[in-house]
Amino acid sequence: MIEVSYPSLTIDIEKIKHNTETVVKACRLRNISVVGVTKACCGEPDVARAFADGGVDWIGDSRIQNLARFKTANIDKPMCLLRLPMISEAREVVRLAEMSLVSEADTARALSKEALAAGRRHKVVLMTDMGDLREGLQPQEILQAAMIFAEMPGLELYGLGTNFACYGGVIPTTEKLSALAELAGRIRAQTGCPLPVVSGGNSSSLYLLPEGIPEGITQLRIGEGILLGQETSYRRPVPGTFSDAFRLHCEVIELQNKPSMPDGLIGTDAFGRSPVFEDKGIRRRAIAAIGRHDVIVEGLIPADAGAVIIGASSDHLLLDVTEVERPLAVGSILKFEMQYSALISGMMSSYVSKVIGRGF
Ligand SMILES: *Cc1c(COP(=O)(O)O)cnc(C)c1O
């Protein structure tokens, strides 16, 4: 038995499975299949397994290394690479993923060649940009690209997809998704490919589920909505899900009364910023043993009512705990809920131990 070391990030597999089932069920009601997006969890196979057990149709990840870990762990779901493949990784993409999202003919050619060499057909979802301006061809370029992709012998032109709320912050709407579905129809007519997948975005599209997703959208790619139970257009909870499947736990290393105003000539803080302060008199202040080297602290939400994060340096997190009701001491453990930025950084940090189980 390994002793837990702090800081630790607890991963409640049962809550992830429950969230997966909830999102999958809501999508099924609208005839939408789900790619469960694992990328925030750095290839942790237990998370992918919870997605699979919760009923996703596909596992999606942006990194080929993560897909490789899932294959090794015998996760029994078809895999989709979400980030546009690098040409240099085409062989691995075809070996590890059944499907990938593609916007470049040169990349498609490389995938086709590797698929032929491996004796398979690789599914591609052609990406179009509906205004957010990350990956994807402009809609007026898509028919021509689809004709080229459809001719490639190692590929199956399997779908049309788009992405929202990543670069431009563009929110998916019924109008935009209708335009996508309509474009898919034109590609079908032009190429003769059945195009079963029309992939209408990520967790930012979840808010449209009740009645806003038009006929013709057949798939969503969902990460945050499952992992953290939040849609990302308006940052509202996904009904029936848990927001605390992931929690950060860290230890109090100092607990003292201190003034709220620094004393002296104010220059910059440890990260070159000029801090501003409000005088609230003497406050109860805790230092927790975690900092900006471990996690993006702006994405942490204290679980204790009344606790407020007032600052952080590389290795120290400062909190005003004056209003916290439970008795705290040096050595107490503080818990935090995590937003996506904190989750990714915490999962990435080798200083944060990961504890997988249930009921933390
Ligand atoms: C990350 C990603 C997703 C999932 O995004 P969430 O907001 O976590 O649901 C979907 N599609 C692509 C292409 C991605 O890169």
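The views show a predicted model, in which local features need pLDDT of at least 70 and side-chain atom pairs count only at pLDDT 80 or more, whereas totals for chains, interfaces and linings use all residues. Residues are numbered from 1 along each chain as its sequence is written, and side-chain values use heavy atoms, with hydrogens and water left out.

View 1. A side-chain N or O atom of Ser203 lies 2.5 Å from an oxygen atom of the ligand, and at Gly223 a backbone N or O atom is 2.8 Å from a ligand oxygen. Of the 380 Å² of accessible area that the ligand has on its own, the protein covers 93% (Shrake-Rupley method, 1.4 Å probe; for residues, only the protein chains shown count as cover).

**View 2. The shell around the ligand.** There are 14 residues around the ligand, and those that come nearest are Lys39, Ser203, Arg221, Gly223 and Glu224 (near means that a heavy atom of the residue lies within 4 Å). By class the shell holds five nonpolar, four polar and five charged residues, where Ala, Val, Leu, Ile, Met, Phe, Trp, Tyr, Cys and Pro count as nonpolar, Asp, Glu, Lys and Arg as charged, and the others, Gly among them, as polar.

View 3. A pocket is an open set of points on a 1 Å grid over the protein atoms alone, where a 1.4 Å probe fits, with protein on both sides within 12 Å along at least five of seven lines, and its lining residues have an atom within 4 Å of a point. The second largest pocket contains about 650 Å³ of space, the volume being that filled by probe spheres set on points joined across faces, edges and corners. Its lining has 26 residues, with Val37, Lys39, Arg134, Cys166 and Tyr340 nearest the centre. The largest share of this lining, three residues, comes from α9.

**View 4. The largest pocket.** The largest pocket has a volume of about 800 Å³. Among its 28 lining residues, Val276, Phe277, Ile310, Gly311 and Leu318 lie nearest its centre. β13 gives the largest share of the lining, five residues, and the lining as a whole divides into 13 nonpolar, five polar and ten charged residues.

**View 5. A cis peptide bond.** Tyr6 and Pro7 are joined by a cis peptide bond, with omega about 0 degrees.

Key:
A polar contact is a pair of N or O atoms within 3.5 Å; within protein, one must be able to donate a hydrogen and the other to accept it, and residues adjacent in sequence count only if both atoms are side-chain atoms. Helices (H or I, at least four residues) and strands (E, at least two) are DSSP runs, numbered from the N terminus.
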